[in-house]
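Here is a short briefing for a first look. Keep the sequence and the 3D view side by side while you read.

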Amino acid sequence: MEFYKQRILPASRQMKDLEKAIASPYEYLILLDIHVAQLKYAVDMVRKADKKLLLHLDLIQGLQSDAYATEYLCQEYRPYGILSTKGNVIQRAKQKGVVAVQRMFLIDNSALEKSYKLLEKTQPDVIEVLPGGMPDVIRKVKENTQLPIVAGGFISTREDVERALSAGAEAVTTSNKQLWTNYEK
């Protein structure tokens with residue numbers, strides 16, 4: 001995946017944050033928490049800046065996070081990628097030819113085992129491990145899946161980023177704008 005050359009994937013929770021991400025040198029951006037009525041405007045802004053957008057489908061207000069919404073987003077907006085915790089969303093995104101990022105919330109060993117089973121079924125392009133501040137878990141997931149990993153959640157310092165990358169994450173997703181600045185080329 002091309003976005004691995006970019007060690008930080010800026011994740012925007014508000015339009016003003018998306019505007020800052022667009023103004024940054026980063027090519028690949030993640031959009032979280034947006035109302036469906038603002039989606040066209042946001043996607044157009046990103047395209048106009050010649051950047052690539054990954055949409056977190058589970059957090060788009062006004063759309064049900066399912067295979068039908070995935071198909072709609074892929075056909076109507078053609079994002080670079082879709083992020084989701086849901087297997088049917090990941091499978092449909094792959095069918096539609098966009099990068100499919102399976103989010104895994106790893107709160108304990110049981111969640112990890114369930115995630116492995118889901119990954120076998122969905123075959124995502126990339127895994128996002130949350131929380132991302134757990135280098136031992138990132139290593140374990142990397143060894144067991146051989147899939148590219150991005151780390152997200154509870155990434156608040158440069159040291160958190162470096163630990164995640166050293167553990168095998170290809171990149172780190174963060175809404176922390178200070179970290180965006182620290183890793184700009």
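Gln 146 sits in the loop between H6 and E9. The model is a predicted one.

- Is Gln 146 buried or exposed? Gln 146 is exposed, because its relative accessible area of 62% is over the 50% cut-off.

**Helix H6: one side in, one side out**

- Helix H6 covers residues 135-145.
- Which residues of H6 are buried? They are Pro 135, Ile 138, Val 141 and Thr 145.
- These four span an arc of only 125° around the axis, so they lie on the same side of H6.
- The general rule behind such a pattern is simple: an α-helix has 3.6 residues a turn, so residues three or four places apart point the same way.
- The face turned away from the buried side carries Asp 136 and Glu 143, and both are exposed.
- What covers the buried residues of H6? Strands E7 (99-105), E8 (126-130) and E9 (149-152) are part of the cover. Helices H5 (109-122) and H7 (158-166) also belong to the cover.

- Gly 153 lies in the loop between E9 and H7.
- Gly 153 counts as partly exposed because its relative accessible area is 27%, which falls between the cut-offs of 20% and 50%.
- Which residues does Gly 153 touch, leaving aside those up to four places away in sequence? The contacts are Leu 130, Pro 131, Gly 132, Gly 133 and Thr 173.
- Thr 173 is 20 residues from Gly 153 along the chain, and their C-alpha atoms are 7.6 Å apart.

**The cis bond at Pro 131**

- Pro 131, one of the residues touched by Gly 153, belongs to the loop between E8 and H6.
- The peptide bond joining Leu 130 and Pro 131 is cis, with omega at about -5°.

**Asp 33, another positive phi**

- Asp 33 is in the loop between strand E2 (28-31) and strand E3 (34-35).
- Phi of Asp 33 is positive, about 40°, although Asp 33 is not a glycine.
- Asp 33 is partly exposed, with a relative accessible area of 29%.

**The whole protein**

- The protein has eight helices and ten strands.
- How does the radius of gyration fit a compact globule? A compact globule of 185 residues would have a value near 16 Å, and the protein has 15 Å, which agrees.
- Along the principal axes, the C-alpha atoms fill a box of roughly 40 × 35 × 25 Å.
- Buried residues make up 52% of the 185.
- Among contacts with a separation of 6 or more, 51% join residues 24 or more positions apart.
- The accessible surface is about 9,000 Å², and carbon and sulfur atoms account for 48% of that area.
- There are 26 positive and 23 negative charges, and their mean positions are 2 Å apart.

Note on methods: Residues numbered from 1 in each chain as written. Predicted model: local features only at pLDDT ≥ 70, side-chain atom pairs only at ≥ 80, totals over all residues. Heavy atoms only, no water. Helix = DSSP H or I, 4+ residues; strand = E, 2+ residues; numbered from the N terminus. Rg over C-alpha atoms; globule rule 2.2 N^0.38 Å. Buried < 20%, exposed > 50% of the residue type's maximum accessible area, 1.4 Å probe, protein only. Contact = heavy atoms within 4.5 Å. Areas by Shrake-Rupley, 256 points an atom, 1.4 Å probe, with all protein chains shown as cover. Lys, Arg positive; Asp, Glu negative; His and termini not counted. Charge placed at Lys NZ, Arg CZ, Asp CG, Glu CD. Arc of directions from axis to C-beta.
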